[in-house]
Amino acid sequence: MKAKIAVTPGDGIGPEIVAEAVKVLKAVAEKYGHDLAMETHLVGGAAYDQCGDCLPEESLAACKAADAVLLGAVGGPKYDKLPGPQRPEKRALLTLRKELGLFANMRPAKVWAPLKSASPLKPEIIDSGLDLLVVRELTGGVYFGRHERAADGQSALDLMPYSVAEISRIARVAFEAARKRRGRVTSIDKANVLETSRLWRETVTRIREEEYADIELDHMYVDNGAMQLVRAPQHFDVILTENMFGDILSDEASQITGSIGMLPSASLRSDGFGLYEPIHGSAPDIAGQDIANPLATILSAAMMLKHSFGLTEESDAIERAVGRVLADGILTKDLGGTVKCSEMGQAVIERL
Ligand SMILES: NC(=O)c1ccc[n+]([C@@H]2O[C@H](COP(=O)([O-])OP(=O)(O)OC[C@H]3O[C@@H](n4cnc5c(N)ncnc54)[C@H](O)[C@@H]3O)[C@@H](O)[C@H]2O)c1
């Protein structure tokens, strides 16, 4: 298999963690005989420092021309004074998502057996199982509807539009993902109040009946969903939800695992192209100290192999190697160990 990956390390710990993921991707390519071309491009504050723009034209063009993008993280206190639209998170991240047409955000959240004690949930709840995937619609809904403030400043409105086409394409992503997992989708909405949610529920139900009869589907109101995530997380396999509910629920789901340095994500388009990044930020407080945990980025690279390149065996091999690293007690500082960021890539490679 031959593919071109745009590597965008970004700011803070971004370059340190991405370097480890690149090492692992190179080792996988060698072991399985793939040709993965990786080129590094500037994004975020690092790009602003060099060219006065957090997303230079060259970087955007390189991401568009690639088969997938591996991103570290962007932002940091140095750039907080920039005007909103020029800030790394807005200019680089939101523009990339929009320009690349990434409508499906996937965030797996699971508790790794050796890290159970990091979860804020009671051990008996963790023991019953927490291994789920949040599939969030990323380019529609209230974040992209009309936003207005009345002329007298006394009222405001935000519109929440959704079309059948938008709901159908994200529903298919969730059903496909469930087929590769435990075969169950829970669609979360607020159909007792919102018309968009009623359209969401009808559409998801129809897509399941017509195309995915092998997948189990249930529906939940978002208030109940938020509660069940901490009360009975084992209920969930794939959670399918719209943009704003997904923003909130995916943060809740990731926090209940307790280890921010372990959580990968993918933002996808329907042709398989995707942008892969850890869910955490640039961690300026620990940047340059070689103590960051690169496993979320390494697991994001594993998601890339599976979702963009169809390399399921290679992806699973990385996940298993990460599991062994943890079981062997090879832990970075955030997990209570002393292993350096720059040692983690090699530790994973040795277990591949
Ligand atoms: N996708 C992104 O690029 C992204 C996402 C979130 C935040 N940010 C930006 O990152 C900057 C810092 O944000 P923040 O401090 O709120 O969140 P953060 O995720 O960067 O850090 C929160 C805490 O978790 C720790 N942490 C995060 N990742 C870690 C890792 N891999 N290993 C060990 N410890 C880790 C940090 O040291 C910090 O104490 C801000 O500028 C923010 O806007 C970027």
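Trainee: Is T241 buried or exposed?
Mentor: This is a predicted model, and in it T241 counts as buried because its relative accessibility is 0%.

Trainee: Where does T241 sit?
Mentor: T241 belongs to strand β10, residues 238-241.

Trainee: What does the side chain of T241 reach?
Mentor: The backbone oxygen of I188, at 3.0 Å.

Trainee: And L295, buried or exposed?
Mentor: L295 is buried, with a relative accessible area of 0%. Its place is in helix α10, which covers residues 295-307.

Trainee: How many residues apart are L295 and I188, and how far apart in space?
Mentor: They are 107 residues apart in sequence. In space, the distance is 29 Å from C-alpha to C-alpha.

Trainee: Switching to rings. How many aromatic pairs are in the whole structure?
Mentor: A search finds three. One of them is Y162 with W200, where the ring centres are 5.6 Å apart and the planes stand at 75°.

Trainee: Why is that pair called edge-to-face?
Mentor: Because the planes of Y162 and W200 are at 75°, and the label applies over 60 degrees.

Trainee: Where are Y162 and W200 in the chain?
Mentor: Y162 is in the loop between β7 (156-158) and α6 (164-179), while W200 is in helix α7, residues 195-211. The pair links distant parts of the chain, 38 residues apart. Both Y162 and W200 are buried.

Trainee: What about F175 and Y212, how do they pair?
Mentor: Those two are stacked, with 5.0 Å from centre to centre and 20° between the planes. F175 lies in helix α6 and Y212 in the loop between α7 and β9 (216-221), so this pair ties together parts that are 37 residues apart in sequence. F175 is buried, and Y212 is buried as well.

Trainee: Which ring does the charged end of K110 sit over?
Mentor: The ring of W112, at 4.2 Å from its centre. There is also R169, whose charged end sits over the ring of F103, 4.1 Å from the centre of that ring.

Trainee: Now the ligand. How many residues surround the ligand, and which are the closest?
Mentor: 20 residues surround it, and the closest are V74, E89, G281, A283 and N293. The shell divides into nine nonpolar, seven polar and four charged residues.

Trainee: Which side chain has an N or O atom 3.2 Å from a nitrogen atom of the ligand?
Mentor: That of E277.

Trainee: What do the backbones of S282 and A283 do there?
Mentor: A backbone N or O atom of S282 is 3.1 Å from an oxygen atom of the ligand. For A283, a backbone N or O atom lies 2.8 Å from an oxygen atom of the ligand. As for cover, the ligand taken alone exposes 810 Å², and the protein buries 69% of that.

Trainee: Back to A283. What is its phi?
Mentor: About 40°, a positive value although A283 is not a glycine. A283 is found in the loop between β12 (274-278) and α10.

Trainee: And what is phi of D290?
Mentor: Near 60°, which is positive, and D290 is a residue other than glycine. D290 lies in the loop between β12 and α10.

Trainee: Why does D290 count as partly exposed?
Mentor: Because its relative accessibility is 23%, and buried means under 20% while exposed means over 50%.

Key
Residues are numbered from 1 along each chain as its sequence is written. This is a predicted model: local features need pLDDT of at least 70, side-chain atom pairs count only at pLDDT 80 or more; totals for chains, interfaces and linings use all residues. Side-chain values use heavy atoms; hydrogens and water are left out. Rings of Phe, Tyr and Trp (its six-membered ring) pair if their centres lie within 6.5 Å; planes under 30 degrees apart count as stacked, over 60 as edge-to-face and the rest as tilted. Helices (H or I, at least four residues) and strands (E, at least two) are DSSP runs, numbered from the N terminus. Buried means under 20% relative accessible area, exposed over 50%, partly exposed in between (1.4 Å probe, protein chains only). A charge sits over a ring if NZ of Lys or CZ of Arg is within 6 Å of the ring centre and within 35 degrees of the ring normal. A residue is near a molecule or strand if one of its heavy atoms lies within 4 Å of it. A polar contact is a pair of N or O atoms within 3.5 Å; within protein, one must be able to donate a hydrogen and the other to accept it, and residues adjacent in sequence count only if both atoms are side-chain atoms. Accessible areas come from the Shrake-Rupley method with a 1.4 Å probe; for residues, only the protein chains shown count as cover. Ala, Val, Leu, Ile, Met, Phe, Trp, Tyr, Cys and Pro count as nonpolar, Asp, Glu, Lys and Arg as charged, and the others, Gly among them, as polar.
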